[in-house]
Amino acid sequence: MIDPEKVRRFWQGRAAVAGKVAFESVANLEQDQSNLQLKIDDETAKVFDWLPAVAGMSVLDLGAGVGQWSFRFAERGATRVLAVEYAQGLVEIAEVEARRRGMEQVEFQVCSAEGFDTRECFDLVFISGLFVYLNDDQARSLLDRLAGFVRPGGLLMVRDGTGVGVRHEINDRFSEHLGEFYSATYRTRDDYLREIEGRGIELLRDENMFEEGHPLNKYPETRLHLFMFRRPA
Ligand SMILES: C[S@@+](CC[C@H](N)C(=O)[O-])C[C@H]1O[C@@H](n2cnc3c(N)ncnc32)[C@H](O)[C@@H]1O
């Protein structure tokens with residue numbers, strides 16, 4: 001299993017690349033400029049095509065990085081966005097950016113996703129690129145409380161890397177693209193559905209983020225996947 005301390009150090013270290021790579025690349029790790037724009041454009045279009053209008057919604061963004069998705073919810077009229085992120089340096093970057101954009105409705109909280117708890121229920125809980133960095137114990141500890149963060153009738157959207165057919169793990173391997181040692185766990189789509197079953201959330205739809213042949217399907221072992229769940233009313 002991946003080592004949570006190594007993963008945490010990796011993410012704490014990402015604050016140091018701010019200013020050297022595009023703002024979005026700090027957390028989404030796509031450092032090729034043309035791939036980055038394609039990623040932003042295609043993913044944003046799909047996510048907001050699947051979601052109902054977010055104007056007036058409250059949103060919990062877990063593993064928010066520098067807040068890039070939080071800002072997209074706020075831009076589209078979400079009235080409250082709570083962005084939870086455990087890397088203090090990333091939160092500091094995000095808070096400067098939120099002030100620069102005048103987005104007072106976005107609040108950042110430094111906390112691990114598996115340790116986060118609240119009595120507040122949100123219209124939408126959004127989890128993007130987080131589960132791949134949680135080991136199984138961390139993932140279960142988050143899943144145990146997740147339904148409670150969604151208001152009855154509210155939505156949970158998960159956008160995360162998945163293994164094609166089988167679970168795929170990268171355990172402390174050097175990445176040429178990032179110039180760092182890197183760890184991540186790509187659970188299969190079925191692993192996600194099995195883990196979520198019986199936890200008070202129902203699947204509405206799911207599919208790979210990019211169609212086959214898309215240039216951002218870079219590795220044969222993995223696919224970025226989008227799931228939309230609902231907590232029954
Ligand atoms: C790939 S980035 C995704 C950022 C953002 N959600 C997005 O989609 O652009 C993963 C983020 O999850 C954060 N993260 C990883 N493990 C975490 C944990 N256990 N608790 C909270 N945040 C975590 C990292 O620090 C990083 O900012």
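Ala, Val, Leu, Ile, Met, Phe, Trp, Tyr, Cys and Pro count here as nonpolar, Asp, Glu, Lys and Arg as charged, and the others, Gly among them, as polar. On that basis, the shell around the ligand has 13 nonpolar, 8 polar and 2 charged residues. The model is predicted. It contains 7 helices and 9 strands, and its radius of gyration of 17 Å is close to the 17 Å that the globule rule gives for 233 residues, so the protein is as compact as a globular protein of that length.

**Overall fold**

- The C-alpha trace spans about 45 × 40 × 35 Å along the principal axes of the protein.
- Of the 233 residues in the protein, 38% are buried.
- Among contacts with a separation of 6 or more, 69% are between residues 24 or more positions apart.

**Ligand shell**

- The ligand has 23 residues around it, and Trp11, Gly63, Gly65, Ser128 and Gly129 come nearest.
- Helices α1 (4-14), α2 (25-28) and α4 each supply at least two residues of this shell.

**Nonpolar core**

- In soluble globular proteins, nonpolar side chains tend to be buried together.
- The largest nonpolar core in this model has 58 residues.
- Within that core, the residues that touch the most other members are Val59, Val81, Ala83, Ala94, Leu124, Val125 and Leu156.
- Not counting residues up to four places away in sequence, Val59 touches Val54, Phe73, Ala78, Val81, Phe122, Asp123, Leu124 and Phe126.

- In strand β1 (residues 58-62), 5 of the 5 residues are buried, so the strand is largely enclosed by the rest of the structure.
- In a regular strand the side chains alternate between the two faces of the sheet.
- Both faces of β1 are covered, with Ser58, Leu60 and Leu62 buried on one side and Val59 and Asp61 buried on the other.
- Strand β2 (residues 80-85) pairs with β1 in the parallel sense, over 5 bridges.
- Asp61 has Ala83 as its bridge partner in β2.

**Ser70**

- Ser70 is a residue of helix α4 (residues 68-75).
- Because 20 or more C-beta neighbours within 10 Å make a residue buried, Ser70, with 29 inside that distance, counts as buried.
- Leaving aside neighbours within four places in sequence, Ser70 is in contact with Asp61, Ala64, Val81, Ala83 and Val106.
- Met103 is 33 residues from Ser70 in sequence, and the C-alpha to C-alpha distance between Ser70 and Met103 is 9.8 Å.

- Most residues other than glycine have a negative phi, and most peptide bonds are trans.
- Leu29 is not a glycine, yet has a positive phi of about 70°.
- Leu29 sits in the loop between α2 and α3 (33-50), and is partly exposed, with 19 other C-beta atoms within 10 Å.
- Asp172 is likewise not a glycine and has a positive phi, of about 55°.
- Asp172 lies in strand β6 (residues 168-175), and is exposed, with 12 other C-beta atoms within 10 Å.

Terms used: Residues numbered from 1 in each chain as written. Predicted model: local features only at pLDDT ≥ 70, side-chain atom pairs only at ≥ 80, totals over all residues. Helix = DSSP H or I, 4+ residues; strand = E, 2+ residues; numbered from the N terminus. Contact = placed C-beta atoms within 7 Å. Core = buried A, V, L, I, M, F, W, Y, C linked by C-beta atoms within 7 Å. Rg over C-alpha atoms; globule rule 2.2 N^0.38 Å. Near = placed C-beta within 6 Å. Pairing = 2+ DSSP bridges.
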